[in-house]
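Thanks for coming. Please have a look at the sequence and the model on the screen, and then I will go through them part by part.

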Amino acid sequence: MVIRYLSRSSSARTAALAAAALVLLSTPVSATTAEPSPPKPGPAYSSDLLDRPGVQARPGAGAPALPDDVSALSWLVADARSGEVLAAHNAHRQLPPASTLKSLFALTALPHLDAVSRHKVTQSELDGVGDGSSLVGVEAGRSYSVADLWRGVFLSSGNDAVHVLAKLNGGWQQTVRQMRAKARALGARDTHVVSPDGYDAAGQVSSAYDLAVFGRAGLADPEFSRYCSTPVAKFPHGNWSYPIQNTNRLLTGADGVARYPGLLGIKNGYTSHAGNTLVSAAQRDGRTLVVSVMNPQAGGSYRVYEETRALLDWGFKAAEHVRPVGSLIPESERRDAARAAAPDAGLAARPVGDDGSDWTSILLVSAGSVVFLAGAVVLIRRRRARV
């Protein structure tokens, strides 16, 4: 065959095949499926805003003004479903969390303990409970179900119940290590756990951002949600039981604090070092908000509830009129979710054999390479012929 006498149309076809070969050669061959197409860009989150001190908000047209009487050292308002932070003040300021840290304890230990199993408490399990701790009334020598102990944690904020559950979870220090790992896995980088019950301890800190992360994660767990939203229950004491009431007054309406409509609970706390702390969630018109408030500086001991109420009211009114200033969801998790939701356009761009292998692609690339070389020979010989 004399290649230099190919017709013009044949040469055009050859060039086209060569171009196709170049395209094929540029497609990487691997044993896995093609990477999906890049996801569409998500909201323009600005984590830098949450790193800054002071109030951070991006109001739009029609947005109500933030309440001007919130005195907490740190607070945050977020949409629980999307994770978008609507506004915050000193979001990453590290402060003592008090018993709000029990939300992280529950996220860590709940999956490992069977709610219906029973345990007879020993005195050694209660020896480490700190002086002045809030208690539900766990007694050595008595048998309790795990569910009873969890109600003691969520409703009465019982440090005695936490100590027993931590023992069942593998021990106090093992639980500390697990809680630290859980916080990192959730993207909560401000939290350092020393005492799982939230009792004041040197170096134990969290932040309004991290507490909101824990609250949001807890709402996604039906068992966690059921415990934290229970206003009253009975706690066993031998052959009888006595009532216990949730210490979150926005949930119960106790002590003159008005109940908040649609409140889902979560956890409150207090120590002399931490002041009053509270992470709450409420639902209205299909939207769920999470609000965390740490250590109000004005008013009395119930001020934390009224500042939370004001922030929840603002959040429900402002949700459609503000741009987010950050997210409770780690950037890597948001990116993975967006990639998983994007259509797998790359898979259709390259044929795959019936057995799931890439032999078809390999053969096409090989054939394209031959065609490319043939096209190159044609061009070189035609050029020589003209000379």
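Helices (H or I, at least four residues) and strands (E, at least two) are DSSP runs, numbered from the N terminus. With those terms, take helix 3, residues 102-109: 8 of its 8 residues are buried, so helix 3 is largely enclosed by the rest of the structure.

Some ground rules. This is a predicted model, so local features need pLDDT of at least 70, side-chain atom pairs count only at pLDDT 80 or more, and totals for chains, interfaces and linings use all residues. Residues are numbered from 1 along each chain as its sequence is written, and side-chain values use heavy atoms, with hydrogens and water left out.

pLDDT is the predictor's confidence in each residue, from 0 to 100. The mean for this protein is 83, and 75% of the residues reach 70 or more. Over residues 1-44 the pLDDT is below 50, and this stretch has 49 contacts in the model beyond near neighbours in sequence. A contact means heavy atoms within 4.5 Å. Residues 345-367 also stay under 50, with 28 contacts beyond four places in sequence.

Now the overall picture. The protein has 14 helices and 12 strands. Of its 387 residues, 48% count as buried. Among contacts between residues at least 6 apart in sequence, 66% join residues at least 24 apart.

Back to helix 3. What do its buried residues pack against? The partners are helix 5 (146-154), helix 6 (159-168), helix 7 (172-185), helix 8 (208-219), helix 9 (222-228) and strand 8. The buried residues themselves include K102, L104 and F105.

Helix 6, one of those partners, is mostly covered too, with 8 of its 10 residues buried. Among them are N159, D160 and H163. The buried residues of helix 6 pack against helix 3, strand 4 (118-120), helix 4 (123-126), helix 5 and helix 7. After helix 6 comes G170, which has a positive phi, near 120°.

Next, the largest pocket. Rolling a probe the size of a water molecule over the atoms shows where empty space is left. On a 1 Å grid over the protein atoms alone, a cavity is a set of points where a 1.4 Å probe fits but cannot get out, while a pocket is an open set with protein on both sides within 12 Å along at least five of seven lines; lining residues have an atom within 4 Å of a point. Grid points are joined across faces, edges and corners, and a volume is the space filled by probe spheres set on the points.

The largest pocket has a volume of about 380 Å³. It is lined by 26 residues, of which S99, S134, G269, Y270 and T271 are the closest to its centre. Strand 8 (263-271), strand 9 and helix 11 each give two or more residues to this lining, and strand 8 gives the most, with 5. By type, the lining has 6 nonpolar, 15 polar and 5 charged residues. Here Ala, Val, Leu, Ile, Met, Phe, Trp, Tyr, Cys and Pro count as nonpolar, Asp, Glu, Lys and Arg as charged, and the others, Gly among them, as polar.

Helix 11 also holds V304, which is buried at 2% relative accessibility. V304 touches N276, T277, L278, V293 and P296, leaving out residues up to four places away in sequence.

Last, salt bridges. A salt bridge is a side-chain nitrogen of Lys or Arg within 4 Å of a carboxyl oxygen of Asp or Glu. How many are there by this rule? The count is 8.

One joins D313 and R284, at 3.8 Å from N to O. D313 is in helix 11 (residues 303-318) and R284 in strand 9 (residues 275-284), 29 residues apart, so the pair links distant parts of the chain. Another joins R309 and E306, whose closest N and O atoms are 2.9 Å apart. These two are 3 residues apart in helix 11, so about one helical turn separates them. R309 is buried at 15%, whereas E306 is partly exposed at 36%.

Conventions. Buried means under 20% relative accessible area, exposed over 50%, partly exposed in between (1.4 Å probe, protein chains only).
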